[in-house]
Amino acid sequence: MSTHILEVNELKTYYRTRLKEHVYAVDGVTFALEEGKTLGIAGESGCGKSTLALSLMGFYFPPLHFGGGSIIVGGRDIMKLGKEQLRSQVSGREISYIPQAAMNALNPTLRIIRFIEDIMKEHRPELTKKQVWDMAAERFETLNLSPRVLNAYPNELSGGMKQRTVIAISTILNPKVLIADEPTSALDVTSQKAVIKLLKSLLDKGFIRSLVFITHELPLLYHVTDDIMVMYAGEIVERGTAEQMIFDPIHPYTKKLMGSIIVPEEGMKGHKLAAIPGTPPNLKNVPEGCRFADRCKYAQEACRQGKIANKTLGDRTYRCIVEPETLREWYANEGE
Amino acid sequence: MNSSFRILIKSPKFMFGACTLLAMIGLVLIYPLFNRSDPLEMIALAYQPPDAKLLLGSDNFGRDLFLELIYGIRTSLQVGLIAGVFATAIGLVIGLTSGYIGGMIDNLLTAVTNIFIVIPSFVILILISVSIDSRSSFVTAVIIGVTSWPWTARAVRAQTSSLRNRDHVNIAKISGYSTPRIIVSEILPYIASYVVMAFVLQTASGILSEASISMLGLGPYNTISLGIIMNWALVFEAPVAGAWWAFIPAAISIAMITFSLYMMNTGMDEIFNPKIRS
Amino acid sequence: MSVYGKYIVKKFFWYFLTLVIAVGLNFLLPRMIEGNPVSMIVSEMTQGMTDSDTIKRVYETFLIEFGIDKPLGEQFLIYVKNLLSGNLGTSFGLYPKPVTEILASAVPWTIGLQLPAILVGWLLGNILGAVAAYRKGVFDKVIFPVALFVNSIPFFTLAIIMLYVFALSLNWFPLHGGYDYQLVPSLSWEFFASVIRHHTLPFLSIVLVTIGGQAIGMREMSIYELNSDYVLYSKLLGIRDSRIARYVFRNAMLPQITGLALSIGTMVGGSLICEIVFSYPGIGTWMFTAIRQLDYPLISGCTLLIAIAVLLANFTIDIIYGWIDPRIKAAQMEDQ
């Protein structure tokens with residue numbers, strides 16, 4: 001087997017609408033992640049990245065359905081497990097999750113410690129209440145949270161405290177993979193940085209063994225993740241290292257996504273701010289050929305035909321029929 | 001508005017409710033055109049069972065119960081609708097004022113609303129009905145409307161105060177629009193669906209209130225309503241006489257009307273609050 | 001003073017104010033009858049009486065009780081003074097029986113009927129509503145319309161139908177009253193059994209209608225809770241469905257408690273009319289009699305008693321609610 005801690009092959013998931021149509025929000029996604037590494041996934045809202053996050057958890061409930069492919073965590077295909085096995089052996093334990101809205105992620109009428117106890121009852125039933133308390137208190141202290149938080153109800157905590165509490169709870173079982181679904185989208189820039197720092201420290205301390213960080217702000221991923229994947233209309237359009245993706249994007253969409261930032265990171269000051277014209281295609285009815293073609297100013301006749309294959313360039317992959325060299329020339333000629 | 005109506009037509013619950021209601025309204029409007037007899041005319045013996053001539057038999061005074069039922073449904077619907085209009089209008093005005101203006105007026109109106117939510121409305125209904133000597137069905141309807149506004153007021157207030165600080169309202173304010181104009185063009189459209197739903201519910205509860213108060217013997221004079229038919233059946237001991245036709249059809253009619261109104265409300269709720277739809 | 005203590009004091013103040021207004025309405029509304037109510041009442045009630053002395057005596061009794069010859073303010077003082085000394089006036093219909101005496105005889109019947117019926121109906125309705133929301137599918141498709149239909153039947157309508165079917169046609173239960181009239185109320189088994197037999201039908205009709213209304217509310221609340229973020233988060237951390245169902249039930253139940261407080265007025269009203277159908281010897285039946293005889297003191301005695309009872313029930317529920325919902329406690333902290 002590989003040294004990959006997470007391996008996803010041709011994953012497809014779809015929503016079944018009321019009219020019984022199948023809408024593929026994740027359409028043949030393939031990627032792998034090595035132990036100790038972080039992967040960022042970026043894309044506009046509606047591109048399927050949040051669905052991908054849920055799908056990676058192996059968790060499907062109507063209207064979201066599994067459409068095929070495999071998700072291999074630590075050498076085991078979790079899509080081959082039964083529902084109960086998945087719940088008791090994988091969820092929260094092998095793969096864990098930080099939700100988009102930490103504000104509402106906690107049951108408002110349950111003290112934090114009671115929730116942690118409930119998690120432990122599922123995964124570590126041998127622990128006594130005292131042991132759970134000690135373990136939780138220790139972990140909270142490591143993450144700079146007072147153990148007094150354990151006795152609080154969620155709405156007694158501030159927004160930032162809730163966020164850190166959720167992070168602490170999600171990682172309390174030292175999962176192999178942590179999926180963070182836009183955990184910073186509701187925060188200001190300073191808090192965003194703090195959360196990212198905290199997540200990285202989890203990796204350094206060995207509380208998690210890999211991190212998948214999902215965001216709609218591509219530049220935020222600079223300095224945060226080792227690799228970046230860009231997602232568009234249910235497909236991965238490009239993957240590379242953070243350096244490559246930010247300073248040398250190949251796919252026109254990645255290029256545009258870099259230009260659409262509002263808060264430029266240091267070292268990217270030269271970028272122009274520009275919204276991407278047009279809207280992503282309706283996933284119910286994706287166009288033939290390149291799904292970005294309608295919004296791409298370099299689109300040619302050939303872009304709208306057949307299926308656009310993934311190409312590799314060294315350790316990078318991208319999904320565009322134009323040669324990288326040509327694209328780079330075009331970008332340079334634009335007179336930035 | 002047009003597009004929401006088109007969506008509503010697709011909701012089976014809404015359509016079921018609306019069709020049932022329209023069928024009943026149609027029946028009570030059309031039947032009296034064919035049968036022009038006076039529903040209060042005594043044409044048979046007391047408590048005659050249904051037969052081909054008297055579709056629902058006769059009551060204690062030998063009156064045609066089917067005809068009485070038709071007129072009863074008509075009155076009950078009228079009372080419910082008028083009560084619904086009054087309750088919704090009062091609730092809307094108080095809720096909008098309280099939610100939009102805020103401050104002291106909001107505190108005061110909210111306190112009044114909360115007080116009248118807690119004091120059982122039927123107690124006030126009884127006290128007013130006892131005190132008013134000549135009650136037409138219109139007066140009864142108004143009394144019901146006047147005692148049942150607090151729910152609507154509370155819901156409208158909550159909606160309005162959450163809308164008050166939205167951008168589009170602020171822009172209208174900065175643009176120097178007058179308060180009534182802002183309320184009409186920037187607030188009302190956003191709460192319109194709630195108001196329509198509140199009206200439907202208020203109509204249903206108006207019909208139930210009329211039936212309750214008439215059962216107590218405090219219903220409108222000189223008219224027939226579903227509650228009054230039930231009251232007669234009870235006062236003249238129709239159940240003991242085994243005359244089920246004197247109260248069961250009226251009972252089922254009330255249930256049918258309110259059920260169809262509730263169904264319409266549920267259908268609308270599912271469309272306007274998609275969370276419930278799951 | 002503790003936070004909770006302050007909450008109670010605040011609630012008490014509001015309910016006291018509400019009570020004052022209820023008493024005021026109870027005083028004022030019947031006095032809106034045009035002309036001199038006493039002479040009108042007395043002339044109506046003494047129709048057929050020939051003994052002018054009796055008529056005069058009756059007239060004087062009510063003149064003093066109403067204080068009709070005095071200004072309205074003074075009338076109100078007399079009213080409040082009488083009220084505080086437990087004097088609600090003399091009944092017209094059962095002259096010269098004091099209203100308090102009649103009410104005292106009726107209260108145990110009403111409480112014995114309504115309190116258990118409303119509580120049982122509320123509890124069953126909530127369980128049914130939660131199950132409908134949770135199970136979905138056929139169960140929900142059947143339960144929901146049935147509950148909605150039952151809820152649209154007025155209390156007394158169901159009562160009349162049950163009376164006709166079970167008491168009259170099937171002869172399973174007695175037709176009317178609170179106990180067999182041949183029996184003298186005593187602490188015997190025979191009397192007790194008779195009370196239970198008379199209790200069953202009115203009890204069931206109140207329970208059924210209450211179930212309908214509560215089930216609808218609870219179903220909606222549960223669906224709302226089931227869609228909330230904490231449910232998803234708990235699922236993704238591997239918490240088993242039965243435990244999540246418990247979270248949802250608890251959280252959906254809490255608003256249902258305030259729901260009970262707010263709808264208790266309507267329920268009591270409906271149940272009172274239900275009593276009339278069964279000639280149950282409670283407040284409702286007395287009110288029915290009083291209205292037919294235009295027995296104003298008894299009518300206003302009944303309405304006052306009902307208003308006070310409903311306020312008291314609301315106050316109790318508010319106190320219990322503040323004690324069990326941590327969100328309320330937190331809100332109180334913020335108030336400080």
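Six cavities of 30 Å³ or more are counted in this predicted model, a cavity being a set of points, on a 1 Å grid over the protein atoms alone, where a 1.4 Å probe fits but cannot get out. The second largest cavity has a volume of about 80 Å³, volume being the space filled by probe spheres set on the points, which are joined across faces, edges and corners. It is lined by 14 residues, of which A:Pro252, A:Cys290, A:Cys296, A:Cys303 and A:Cys320 are the closest to its centre; lining residues have an atom within 4 Å of a point.

**Basis of the model**
- The model is predicted: local features need pLDDT of at least 70, side-chain atom pairs count only at pLDDT 80 or more, and totals for chains, interfaces and linings use all residues.
- Residues are numbered from 1 along each chain as its sequence is written, chains are lettered from A and ligands numbered from 1 in the order in which they are written, and side-chain values use heavy atoms, with hydrogens and water left out.

**Chain B overall**
- Chain B has 13 helices and zero strands; helices (H or I, at least four residues) and strands (E, at least two) are DSSP runs, numbered from the N terminus.
- Its C-alpha atoms fill a box of roughly 75 × 45 × 35 Å along the principal axes.
- Of the 278 residues in chain B, 55% are buried, where buried means under 20% relative accessible area, exposed over 50% and partly exposed in between (1.4 Å probe, protein chains only).
- Among contacts in chain B with a separation of 6 or more, 71% join residues 24 or more positions apart; a contact means heavy atoms within 4.5 Å.
- Chain B carries 16 positive and 14 negative side chains, and the centres of the two sets lie 16 Å apart; Lys and Arg count as positive and Asp and Glu as negative, without His and the chain ends, each charge being placed at NZ of Lys, CZ of Arg, CG of Asp or CD of Glu.

**Helix H1 of chain A**
- Seven of the eight residues of helix H1 (residues 49–56) of chain A are buried, so the helix is largely enclosed by the rest of the structure.
- The buried residues of H1(A) include A:Lys49 and A:Ser55.
- Just after H1(A), A:Gly58 takes a positive phi of about 75°.

- Most residues other than glycine have a negative phi.
- A:Ala233 has a positive phi of about 50°; A:Ala233 lies in the loop between strands E9 (227–232) and E10 (235–241) of chain A and is buried at 3% relative accessibility.
- B:Asn222 has a positive phi of about 55°; B:Asn222 lies in the loop between helices H9 (179–215) and H10 (226–235) of chain B and is exposed at 81% relative accessibility.

Methods: 1 Å grid on protein atoms, 1.4 Å probe; cavity = no way out; pocket = protein on both sides within 12 Å on 5 of 7 lines; lining within 4 Å.
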